[in-house]
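Here are a few friendly notes to read alongside the model. Take them one at a time, with the structure open beside you.

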Amino acid sequence: MIPVITIDGPSGAGKGTIAQMLAIELNWNILDSGALYRTLAYFMKENSISLENFKDNQDFLKARFKVSFDPGTPGEPVRVIFEKQDITHIVRTEEMAKITSNLAAEPLIREFIKPCQREFVTAPGLIADGRDMGTVIFHDAKHKIFLTASAKERAKRRQTQLKRQGLKVNMRTLLKELEERDKKDIEREHSPLAPADDSVIIDTTNLNPKGVVKKIKTYL
């Protein structure tokens, strides 16, 4: 059986960074489920597909929706490859995050993306980063991690990330948007954000990435 390590948690808890570090260190495959949803949102937008006409276009979407991820370089975002193009800079904007947040709450979209997520389980192993990896998508995974951090710290990290991309951000607005996204993720009816019963919970507020990886490796 191909091993899977799930890493769940709210936005800004460090899932992407930690998943990337583990994937590089173990030389495993990586699934950035948030970026997978964002890529679907981007593809739908490019082809004028909405929730209203989603079912009519499902065959077209299934045939064309082929995404791969490259862990890339530590400190840089995990690269998103779609139709042989690197669309990382397109899908990792705040605008795409907002569009995706609404889309990801829809049962129709979640059912469509489930098999796409599970296709990433290939040898030698998979690091799966998301919000429901350990509870829904890979509920039988042996190793489950749930990362958390204070809202203020998570907003600060997001601010640093966006500044690195050359974007101007208001900390108060960022914190408000992050709290709203948390509320939506926790309260949604389908696959709400919550740690799996058998997951290891790690608070990353006062830990650097190397410290988090060290804790995970001790657990593993």
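1. Let's begin with a term. Two strands count as paired if DSSP finds at least two bridges between them. Keep in mind as you read that this is a predicted model. With that in hand, look at S4 and S5: they form a hairpin with two residues between them. In that turn, glutamate 83 has a positive phi of about 50 degrees.

2. Now for the other turn residue worth a look. Lysine 84 is in the loop between S4 and S5, and its phi is near 65 degrees, a positive value in a residue other than glycine. Is lysine 84 buried or exposed? Its relative accessibility is 86%, so lysine 84 counts as exposed, the cut-off for that word being over 50%.

3. S3, S4 and S5 make an open sheet of three strands, in the order S3-S4-S5 and with antiparallel pairing. Which strands are at the edges? They are S3 and S5 (85–86), as each of these pairs on one side only. As background, strands of a sheet pair through backbone hydrogen bonds, either parallel or antiparallel.

4. Strand S3 covers residues 67–70, and four bridges join it to S4, residues 79–82, with the two running antiparallel. Within S4, valine 67 has phenylalanine 82 as its bridge partner, while phenylalanine 69 has valine 80. On the way to S5, two bridges join S4 to that strand, again antiparallel. There, phenylalanine 82 stands opposite glutamine 85.

5. Which residues of S3 are on the covered face, and which are on the uncovered one? Val67 and Phe69 form the covered face, whereas Ser68 and Asp70 form the uncovered one.

6. Next, step back to the whole chain. It has ten helices and eight strands. With 220 residues, a compact globule would have a radius of gyration near 17 Å, and the chain agrees because its value is 17 Å. Its C-alpha atoms fill a box of roughly 50 × 45 × 35 Å along the principal axes. Buried residues account for 46% of the 220.

7. Glycine 14 gives you a place to look. This residue is in the loop between strand S1 (4–8) and helix H1 (15–26). Setting aside neighbours within four places in sequence, glycine 14 is in contact with Leu147 and Arg157. Glycine 14 and aspartate 203 are 189 residues apart in sequence, yet their C-alpha atoms are 10.0 Å apart in space.

8. Arginine 38 deserves a careful look. It lies in helix H2, residues 33–46. Is arginine 38 buried or exposed? Arginine 38 is buried because its relative accessible area is 14%, and the cut-off is under 20%. Leaving aside neighbours within four places in sequence, its contacts are Val91, Arg92, Thr93, Met96, Ala97 and Thr100.

9. Where is the cis peptide bond that joins alanine to proline? It joins alanine 123 and proline 124, with omega at about 5 degrees. Proline 124 lies in the loop between helix H6 (107–118) and strand S6 (126–130). The other detail is asparagine 27, in the loop between H1 and strand S2 (29–32). Its phi is near 60 degrees, which is positive in a residue other than glycine. Asparagine 27 counts as exposed because its relative accessibility is 61%.

10. Finally, consider surface and charge. The chain exposes about 11,600 Å², and carbon and sulfur atoms supply 51% of that. There are 35 positive and 30 negative side chains. How far apart are the centres of the two sets? They lie 5 Å apart.

Technical notes: Residues numbered from 1 in each chain as written. Predicted model: local features only at pLDDT ≥ 70, side-chain atom pairs only at ≥ 80, totals over all residues. Heavy atoms only, no water. Rg over C-alpha atoms; globule rule 2.2 N^0.38 Å. Buried < 20%, exposed > 50% of the residue type's maximum accessible area, 1.4 Å probe, protein only. Areas by Shrake-Rupley, 256 points an atom, 1.4 Å probe, with all protein chains shown as cover. Lys, Arg positive; Asp, Glu negative; His and termini not counted. Charge placed at Lys NZ, Arg CZ, Asp CG, Glu CD. Contact = heavy atoms within 4.5 Å.
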